[in-house]
Amino acid sequence: MEYYLHLVLNGLVIGSIYSLVALGFVIIYKATKVVNFAQGELVMFGAYVCFALTVQLGLPFLISFFMTLIFSVILGLCLERVILRPMIGEPIISVIMVTVGLSTVLKAVIQLFWGTSIRVYPQVLPTEPVWILGLPVAPVYIAAFCLSVVLFVIFSFFFKYSTMGIAMRATAFDQQAAQSMGIGVKNIFAMSWCIAAVVSSIGGIILGNINGINPQLGHLGLKVFPAVILGGLDSLLGAAIGGLIIGILENVSDGLAQQLFGLAGFREVAAYVVLVIILMIRPYGLFGTHEIERV
Amino acid sequence: MQGKCGLFFTTYARESQVFHTGFQKSSLAIFFIVLLISPFFLSSYQVSLLNLINIAVIGAVSLNLLTGSCGQISLGHGAFIGVGAYASGVLTLSGMPFLPALILAGGITAMVGMIFGIPSLRLKGIYLAIATLAAQLILVYIFMHWTSVTGGAIGMGLDTPVIFGFDFDTDLKMFYLTLAFAVLAVIMVKNVLRTKSGRAFVAIRDFHLSAESVGINLFYYKLQAFGISSFLAGIAGGLWAHYTMYITPEQFEITLSISYLAMIIIGGLGSVLGSVFGAVFITLLPEVLSFIADHLSGFFPNISTYFLAMRDGIFGLILVLFLIFEPDGLARRWQLAKSYFKLHPFAH
């Protein structure tokens, strides 16, 4: 029993990071209808920049954390302006492939600067475990979970009450109507890429604090697809819940497969098996708008 | 009618011919004669590159039928090629002769492809892309963990192909075999596109609702596209397996699917000739880059350590640049070049 509780707890933490990355994904999809296959590389970018600032330049962690966020904003702006804007109105396969190409470029750039070895963050939080429900949990896990919850609350309020957030929702709902009401749709596009880069960077920094970072981190982007499809491609709440569910499910099914069948590494595909089932039954996800065309 | 200022067709049969002019036929014939005798003048390494190109042509032309012509985005083509490779490997190891094993492997891959094509009934666009991405990851997981059949991470060693007692054990002999299959695949796809099925595929790609309303059975034709495409992917996989003689799951990872998609985008979506261009381009790209890196290493001694990262980055960069500046690919460039010569003094 304790074993499963442990699996669930670990799943929650990993899931909260999936949620963050999924949040970035959903924001881009909501505002621009672009499916971003480079989301994992945005995570990696943030993780490596923060690593470089803290370890290689020796800045205090908090300062480098905020500087990383600024770098992410710049990256988001550049990507949108240079790569995504020419793709407006292109067929969906071109848009998918441009983000795929982008992901390989980003990955290559990161490898050029930092090589392929695993890098470890300095210990920011104490290593003494905290006991929850009779289980030892590292403080970094708790911090990760709390940080994601806080970010989700901030973004929900941002979308609900701030002028920019409302403008973004309006653009997502109907681009032309939004434009005729005086909303700069291009700015909204840029804004959504910035936000996506920022939340992904935060996810990357958290991950770096937990496991260290290596160029395989980009694979995380692939884990996000099941999470967003489960939650619904255009739902923030869906991203949060989908991420948590996929995180838990992955960990628990991995543990089960290992214990019952001796099958290693089921974690890699568990989410995708679920994904296929969801796509067959409910393609628009738990909270997504039911607008998919039945073919 | 033929002339310098264009082609004028008076019948449908004339228009749907593969070759419109005698010039096309004769230049293709010359090209093939040169191709057939070229291995005798090339080093064994260069012939091995030609082999890789031939196999890539089969894969690219099959993916282009599915994605370029029928509009069904597949991020799982690399895994389908893997299914063909493992199927033909298992069949030949169990004692079946090469040729029937290869065809049967194609059939098995077609079945697998059609199973993963079933969601295309309900899904399109991005949802289908993600469904095929799931196929990709699940299949590679199966290659990795069904150790009793596939050998798992250790991989599977295979023999060279033997057809009627003739052993294709050198690059040179293999060249003629892969070339034959590549030509057959190109002819097959070219002809599929000229038939009723091919026109149905294009109609489905252009707009599924109007296709349906003129009486095209969407599910039937989509599955057919998945079936034909996966069959050829299986053939490509089988040839690849017996050419390299050693297969492991890593060879069929998502990067392979992406490089095949890159081939058809850089070549030209929906164009058979474009698939060939794309296959040549993407197969030779790493060679050209490593050639450049070798020559630059005199100036930048550390360049080889960064080479792998740079190669992937340049690959991605070329893909992005093509998508932004030439979305119709090399096939369109080729057309423009041809019409330039045709119309030479009168550019417009």
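Predicted model: local features only at pLDDT ≥ 70, side-chain atom pairs only at ≥ 80, totals over all residues.
Tyr161(A) counts as exposed, at 58% relative accessibility. Both residues belong to helix H5 (residues 139–161) of chain A. They sit four residues apart, or about one helical turn.

Phe158(A) and Phe159(A) form an edge-to-face pair. Here the centres are 5.3 Å apart and the planes lie at 80°. Phe159(A) is buried, at 6% relative accessibility. Over all chains, the count of aromatic pairs comes to 22. Ring pairs also link Phe25(A), Phe37(A) and Phe225(A) into a cluster.

## Nonpolar cores

The largest nonpolar core holds 180 residues. Among the members that touch the most others are Phe37(A), Phe225(A), Ile126(B) and Leu133(B). Helix H6 (residues 126–145) of chain B gives the most to this core, with 15 residues.

Phe37(A) has contacts in both chains. In chain A they include Ile96(A), Val100(A) and Phe225(A). In chain B they are Leu75(B), Ile126(B) and Leu133(B). A second, separate core has five residues, including Val47(B), Leu50(B), Phe175(B) and Leu179(B).

## Helices H6(A) and H8(A)

H6 (residues 163–173) and H8 (residues 185–211) of chain A have axes that come within 10 Å. The axes cross at roughly 110°, so the helices are roughly perpendicular to each other.

H6(A) contributes Met164(A), Ala167(A), Met168(A) and Thr171(A) to the contact. Their partners in H8(A) include Val185(A), Ile188(A), Phe189(A) and Ile195(A). The contact residues divide into eight nonpolar, three polar and no charged.

Conventions
Residues numbered from 1 in each chain as written. Chains lettered and ligands numbered in written order. Heavy atoms only, no water. Core = buried A, V, L, I, M, F, W, Y, C linked by side-chain atoms within 4.5 Å. Buried < 20%, exposed > 50% of the residue type's maximum accessible area, 1.4 Å probe, protein only. Helix = DSSP H or I, 4+ residues; strand = E, 2+ residues; numbered from the N terminus. Contact = heavy atoms within 4.5 Å. Axes fitted to C-alpha atoms, helices over the stretch in contact; angles between N-to-C directions. Parallel < 35°, antiparallel > 145°, perpendicular 65-115°, else oblique. Nonpolar A, V, L, I, M, F, W, Y, C, P; charged D, E, K, R; others polar. Phe/Tyr/Trp six-rings, centres within 6.5 Å; stacked < 30°, edge-to-face > 60°. Lists of a residue's contacts leave out its neighbours within four places in sequence.
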